[in-house]
Structures are given as structure tokens and as C-alpha cells.
Amino acid sequence: MDLQLSVDRSSPVPLYFQLSQQLESAIERGKLAPGSLLGNEIELASRLGLSRPTVRQAIQSLVDKGLLVRRRGIGTQVVHSQVKRPLELSSLYDDLEAAGQRPATRVLRYATEEATAEVAAALAVGEGTEVRVVERLRLTHGEPMAYLRNHLPLELLPAEREELESTGLYRLMRGAGVTLHSARQSVGAKAASAGEGELLGEPEGAPLLTMQRTTFDDTGRPVEYGSHLYRASRYSFDFQLLVRP
């Protein structure tokens, strides 16, 4: 483990917490990738001039969060990091890439279908109008993270299926000349069905986060309707709340 770790003994923040925060940050930024071994507690304690119980407490706090696991005969190993995504108009692919999460995409479906009443209302087209539907599984470090289903007007996604496996949907839309301006979004939760659980690597009944988003361009035209599922064990939405004057 080649990390720049340090503690401030003059700080009122407990030493174990300082260490755990630095390790958690390294996991979130991808500097400690899933499968990485954290190293020996004694060596880490000696390196930082800390007691072994302090280091053990820092590591245990990350074990309790599900970021680390102790494996007999192997040592302490990084399991995964939880993705914390800000609620703003950005793509999951771009957010994961910026966080050093090595995103990958598996395109499950790329087709044309007639718009249902729900899709037609979101995209402001007539029911039965042909629209593009894209279903993808988004992965980080080879592990399923989210199932994404998007509907778009046919003319807005001239990209081929293969392009969607190498980059994000919003990048392709911008490349096609679409100026994304705003979105209407709702976040909820549900229990995973057997099929959803199998797809996302979760047991049936596991909690999943849901998100529905309608995105508009700079003329106010709806250009995308997304209905997504995220693993609650691996994913969270971050909010910044402001006091109304």
C-alpha cells in the first residue's frame, strides 16, 4: 500500500477517525481498488507512530461500513467503495470516471419501440410514436452498479450500439449537437425482484434506489426520459440544502 497517510496530533479529531477518513477517501478515489490488501496493522501503526488499537479501531470502522473485510489467511482487503453522486444534471458515466471508479457499460438492449403513454407524456410525443430505447448495465471495477433504461427521440441518438459501451449517453448526445439544459428528477426506493437482483448482484428483496429523470435541451424540448435502478448497498445521492432567505 503506497499511500500518503498522516495524522495531526494537535487536532481535536480522534486519531483513529483521521486515519479512517484518509483510508475511506483513498478507496472512494480508486487509489485503493477492490481486492487491494490494506497491509499489516503493526506495520501501519509503526509507520504512523500510532498504537495498534488505534489502527485497529480505524480499520474496524471501515469494516463496519462494508468498505473493508478481514479474510483469514489473507488479511484486510478492500471490498468496494460506495459511490456518492451529487444530484445535478450529469451522467453516471462521467461521475464515476471523475471519481476514479473505472466505469464500464454492458448494453442489454438497443432498439426502436412504440412509446407507451408514460414515455410519450415524458417526451411530449404522441402515444405509439417510435422512440429509441436503450437498456444498459453500468459497472465499476467489473461490479454491477446500476441498471439504466432510457427513451429518446429517434433522431437524437444516431450512435451505434458499440459507442454506448465505451462512453456515456450524455457525451454522445452532446456530440450530436444536443445542448442539455435542465432536468426534472424524482428519487425513490423499491425491493429488488428476482430478475433485478440477479442483474445487479443483489438478493431478491434487497433495497434498490430508483430514479426517474426527464431531461430538456436549451429550447425546452424533452430529449431523454430515464428510469434507473441503483444498488443501495453501493450507491447514494448527495444533496446540498440551502436555507431560503
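Student: OK, so helices (H or I, at least four residues) and strands (E, at least two) are DSSP runs, counted from the N terminus. How many helices and strands are there in the protein?

Tutor: Eight helices and 10 strands. Keep in mind that this is a predicted model.

Student: Got it. What share of the residues count as buried?

Tutor: 44% of the 245 residues do. Buried here means under 20% relative accessible area.

Student: And how much of the contacts comes from residues 24 or more positions apart?

Tutor: Take the contacts in the protein with a separation of 6 or more: residues 24 or more positions apart make up 60% of those.

Student: Let's do the sheet. In what order do the six strands sit?

Tutor: They go β4-β5-β6-β9-β8-β7, in an open sheet with antiparallel pairing. Residues 103-114 form β4 and residues 180-191 form β7, and these two stand at the edges. Each has a single partner strand, so one side of each has no neighbour in the sheet. From one strand to the next, the twist averages 15°.

Student: What actually holds strands together?

Tutor: In general, strands of a sheet pair through backbone hydrogen bonds, and the pairing can be parallel or antiparallel.

Student: Back to β7. How many bridges does it have with β8?

Tutor: 11 bridges, in the antiparallel sense, with β8 covering residues 207-217. Along that pairing, Gly188 stands opposite Thr210 in β8.

Student: Is Val187 buried, partly exposed or exposed?

Tutor: Partly exposed, because its relative accessibility is 38%.

Student: And what about β8, enclosed or open?

Tutor: Eight of its 11 residues are buried, so β8 is largely enclosed by the rest of the structure. On to its other pairing: nine bridges join β8 to β9, residues 222-231, and the two run antiparallel.

Student: What's in the turn between β8 and β9?

Tutor: The two strands form a hairpin with four residues between them, and Gly220 in the turn has a positive phi of about 90°.

Student: Where else does a glycine take a positive phi in a hairpin?

Tutor: Look at β1 and β2. Their hairpin has three residues between the strands, and Gly73 takes a positive phi near 80°. β1 pairs with β2 (residues 75-78) in the antiparallel sense over four bridges, with Val69 standing opposite Gln77 in β2.

Student: Switching to β6. What does the His151 side chain make a polar contact with?

Tutor: With the side chain of Glu113, at 2.8 Å. His151 lies in β6, residues 143-153, and counts as buried because its relative accessibility is 5%. Leaving aside neighbours within four places in sequence, its contacts include Val119, Leu123, Val131 and Tyr225.

Student: Now helices! Which residues of α2 are buried?

Tutor: Glu41, Leu44, Ala45 and Leu48. They span an arc of only 100° around the axis, which puts them on the same side of α2.

Student: What about Leu32, where does it lie?

Tutor: In the loop between α1 (15-28) and α2 (41-48). Leu32 counts as buried, because its relative accessibility is 4%. C-alpha to C-alpha, Leu32 and Val78 are 7.0 Å apart in space, while in sequence they are 46 residues apart.

Student: Last one: how many aromatic pairs does a search of the whole structure find?

Tutor: One. It's Tyr16 and Phe17, edge-to-face, with 6.3 Å centre to centre and 75° between the planes.

Student: How accessible are those two?

Tutor: Tyr16 has 24% relative accessibility, so it counts as partly exposed. Phe17 is partly exposed too, at 35%.

Key
Residues are numbered from 1 along each chain as its sequence is written. This is a predicted model: local features need pLDDT of at least 70, side-chain atom pairs count only at pLDDT 80 or more; totals for chains, interfaces and linings use all residues. Side-chain values use heavy atoms; hydrogens and water are left out. Two strands pair if DSSP finds at least two bridges between them. Axes are lines fitted to C-alpha atoms, for helices over the stretch in contact, and angles run from 0 to 180 degrees between N-to-C directions. Buried means under 20% relative accessible area, exposed over 50%, partly exposed in between (1.4 Å probe, protein chains only). Rings of Phe, Tyr and Trp (its six-membered ring) pair if their centres lie within 6.5 Å; planes under 30 degrees apart count as stacked, over 60 as edge-to-face and the rest as tilted. The arc is that of the directions from the helix axis to the C-beta atoms. A polar contact is a pair of N or O atoms within 3.5 Å; within protein, one must be able to donate a hydrogen and the other to accept it, and residues adjacent in sequence count only if both atoms are side-chain atoms. Contact means heavy atoms within 4.5 Å.
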